[in-house]
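Please read it beside the sequence and the coordinates.

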Amino acid sequence: MSEYSEPTSQPGGAPPAPLWEVFVRARRGLAHTHVGSLHAADAELALHNARDLYTRRQEGVSIWVLPAAAITASSPDEKDAFFDPAADKVYRHPTFYEVPEGAAHL
Amino acid sequence: MYGNDFPADDTSSGLLGEVEAAETALREAAERGRHGAAGADPAAYFAEVIAADQKVEPRDWMPEAYRATLIRQIAQHAHSEIIGMQPEGNWITRAPSLKRKAILLAKVQDEAGHGLYLYAAAETLGVSRDELVDLLLAGRQKYSSIFNYPTLSWADMGTIGWLVDGAAIVNQVPLCRCSYGPYARAMIRICKEESFHQRQGYELLHTLAHGTPAQREMAQDSVNRWWYPSLAMFGPPDTDSTHSAQSMAWKIKRFSNDELRQRFVDMCVGQAEVLGLTLPDPALCWNDERGGYDFTQPDYAELMRVIKGAGPCNRQRMEHRRRAHREGAWVRAAAAAYAAKQASKKEQASKKEKVA
Amino acid sequence: MTAHVEQTGPEPVPTAPGTTSAVPGMTPAAPKPVTKRFEFVLGLADDALVAAQRLAEWCTRGPEMEEDIALANIALDQLGAARLLLTYAGELEGAGRDEDALAYRRDDREFRNCLLVELPNGDFAVTMAKLFFLAAYQVPLYTALAGCGDERLAAIGAKARKESAYHLEHASLWVRRLGDGTDESHRRMQAAVDEVWPYLHELLTPDPAAPVDPATLRADFDSVVSRVLSEATLTVPETSWTPAGGRNGLHTEHLSYLLAELQVLHRAHPGASW
């Protein structure tokens, strides 16, 4: 659920656990899809947390976790320059949206 | 479907259908696309996105008040999920059958998950989870007042599922269409998972209501205690609600407190009949003219007292949360220290490699 | 002691006189003939049930919200295994007791779990130590069961070993972090290992007549334990104290309290269904 954004401040105490973005492959043959984010001190913990948080209902067969800080996002101000050139190239759009989240509940 | 979030003839069976409809609408809105730049007037662009029932996404420009309202609302919602684990968590170790124990444990676990989805959604607005947790622990952000009532019997596990989760779902289903993308997506996921919560509660209560006389009495007593606090979950009456109008305009909120409360009462009456339990309101009566039930309003003065901290369990819930946080501090510090050690080992190893 | 009907299960195994209930203070007339296999399955079931109950006590109290979810998951796995095993134990006994009759209507003297699982949770380090050692025992145990001749046990073993493998991984992850984290966490983790260590002896006590002789699990157990403890910069305690008795129904003082809580509601409504 979390697109990357920088926390505005860090309250005192122990350093907050970094934010990780979680990607889940729902079934074999589908690409990993962004499902949300979580906090963990390191990658191994993040993977365990992701498994428990995002695949409690058998939503996935494979998980990626990636430090949110490692993501470089395009700036919304350049949105048109960045994306509009692709707008007329429909043939480049594969089955992009249709990974129904939580297919297992259906 | 826009502007018609509740299909006319639906009252009880279709909540999950509405969630799915909201999901479809979300995808359709995404497919309608929106090109054309935010450009020189981001405020006008924002207004257009809202007007077109499209989603505002994290890095879009948004009015500061919209951002602040969302942070406040999503954070309260997240806190409610986390604090809301306690009243039910209270009965896990005493669940009267192993099957019920498993169900309750899974349910309370889901609530932790929902809290985390919501904190993640709030974080997209530029606030950190630690900050929000600190605000909760400092008593500067609220959670749903319903969780300040005690769970005194096993039947409360059923009533919470039926009435409290039921009220929450009625509140939350429209949020699946909230204008802020990450919140809407989190709510879709949550509502799908919640539908099991409500059903298990109803089934549990049904079993008790059709069990021994003592079980039946336990069930009725529980409904008597939770009915009015559940009605109060929809918030103060529209005439007194401070945040409603702007939230409706921004499509954060889509129905008024009183509309949702009415809808909830109308749903519950028939469900209580099937249970064979009585809703503790002698004034409850069908009003043909309005096409809904007349009912006694909850005690809003009590609601205000509970919100202000004078409910039966406010102090206990907060202290429980603070204590878990405090007692876990050394574990979180250990995880951070270990991660730092491993990272520096890795760095040294890669330096060595480069030298070699 | 129990109200067992004098009847053996579907696969009668002759019981050597005096092998069960060799409990001091009991009158010698008490022992009833129960099958060896029933006792064995009950031991596994009670390990899982009591472990689940202890882990569930953590719910809403975890050091991180993420860890609340993880501990609940593991509790659910243990509870699931307990239910399968109790159901099977009830069938072996043939006295018509289902999972709930066995879980809710036996007293502590009739429970067959090892002492390790009933020890109080303590701090997060003690809980992780208990989970780590339990999983290090359950993984090779369930793996061996998965290949045993009893089809039901084999099926349960095949399912549960995957879950236990994850428990072992999760507990190891925390043992390493706490052991090699801060000074405080190291001190707590070492203290936890020291506290729990004597109870491991009971887990691996030889029992050649059991479907899986616990003594055969020792090599796997030792190798995992020594590897993880060493990665965690922890030292193996030296002790000659070897408390035991759980498999014979002689428990610590803690179990009776645990069962009082687990059973209170069920016992307050005899004959009710839930």
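The model is predicted, so local features need pLDDT of at least 70 and side-chain atom pairs count only at pLDDT 80 or more, while totals for chains, interfaces and linings use all residues. Residues are numbered from 1 along each chain as its sequence is written, chains are lettered from A and ligands numbered from 1 in the order in which they are written, and side-chain values use heavy atoms, with hydrogens and water left out.

**Chain B and chain C**

Chain B brings 47 residues to the contact and chain C brings 47 residues, where contact means heavy atoms within 4.5 Å. Between them, chain B and chain C bury about 4100 Å², and carbon and sulfur atoms account for 68% of this. Buried area is the accessible area (1.4 Å probe) that two parts lose on being put together, summed over both. On the chain B side, the most area is lost to chain C by B:Leu98, B:Trp330 and B:Tyr338, together 20% of what that side buries.

There are 16 residue pairs in polar contact between chain B and chain C, both residues being at pLDDT 80 or more. A polar contact is a pair of N or O atoms within 3.5 Å; within protein, one must be able to donate a hydrogen and the other to accept it, and residues adjacent in sequence count only if both atoms are side-chain atoms. Several helices of chain B each supply at least two residues of the side that touches chain C, among them H4 (85-89), H6 (129-137) and H14 (329-355). Helices here are DSSP runs (H or I, at least four residues) and strands are runs of E (at least two), numbered from the N terminus. H5(B) gives the most to this side, with 13 residues. By class, the side of chain B that touches chain C holds 27 nonpolar, 11 polar and 9 charged residues. Ala, Val, Leu, Ile, Met, Phe, Trp, Tyr, Cys and Pro count as nonpolar, Asp, Glu, Lys and Arg as charged, and the others, Gly among them, as polar.

**Chain A and chain C**

Here 11 residues of chain A are in contact with 11 residues of chain C. The buried area is about 1100 Å², with 51% from carbon and sulfur atoms. Across this interface there are 8 residue pairs in polar contact, both at pLDDT 80 or more. Strand S2 (33-39) and helix H1 (43-54) of chain A are the elements that give two or more residues to the side touching chain C, and H1(A) gives the most, with 7 residues. That side of chain A has 3 nonpolar, 3 polar and 5 charged residues.

**Salt bridges**

Over all chains, the whole structure has 46 salt bridges, each a side-chain nitrogen of Lys or Arg within 4 Å of a carboxyl oxygen of Asp or Glu. Chain B and chain C share 3 salt bridges, and 3 salt bridges cross the interface of chain A and chain C. The table includes one of each, and one within chain B.

| Salt bridge | N to O distance |
|---|---|
| C:Glu64 and B:Arg129 | 3.7 Å |
| C:Arg176 and A:Glu44 | 3.0 Å |
| B:Arg27 and B:Glu23 | 3.6 Å |

B:Arg27 and B:Glu23 both lie in helix H1 (residues 15-32) of chain B, 4 residues apart, about one turn of the helix.

**Cavities**

The whole structure contains 8 cavities of 30 Å³ or more. On a 1 Å grid over the protein atoms alone, a cavity is a set of points where a 1.4 Å probe fits but cannot get out, and lining residues have an atom within 4 Å of a point. Grid points are joined across faces, edges and corners, and a volume is the space filled by probe spheres set on the points. The second largest cavity holds about 100 Å³ of space. Its lining includes C:Ala51, C:Arg54, C:Asn121 and C:Lys130. H5(C) provides the largest share of this lining, 4 residues. The lining of the second largest cavity has 6 nonpolar, 2 polar and 2 charged residues.

Conventions. On a 1 Å grid over the protein atoms alone, a cavity is a set of points where a 1.4 Å probe fits but cannot get out, and a pocket is an open set with protein on both sides within 12 Å along at least five of seven lines; lining residues have an atom within 4 Å of a point.
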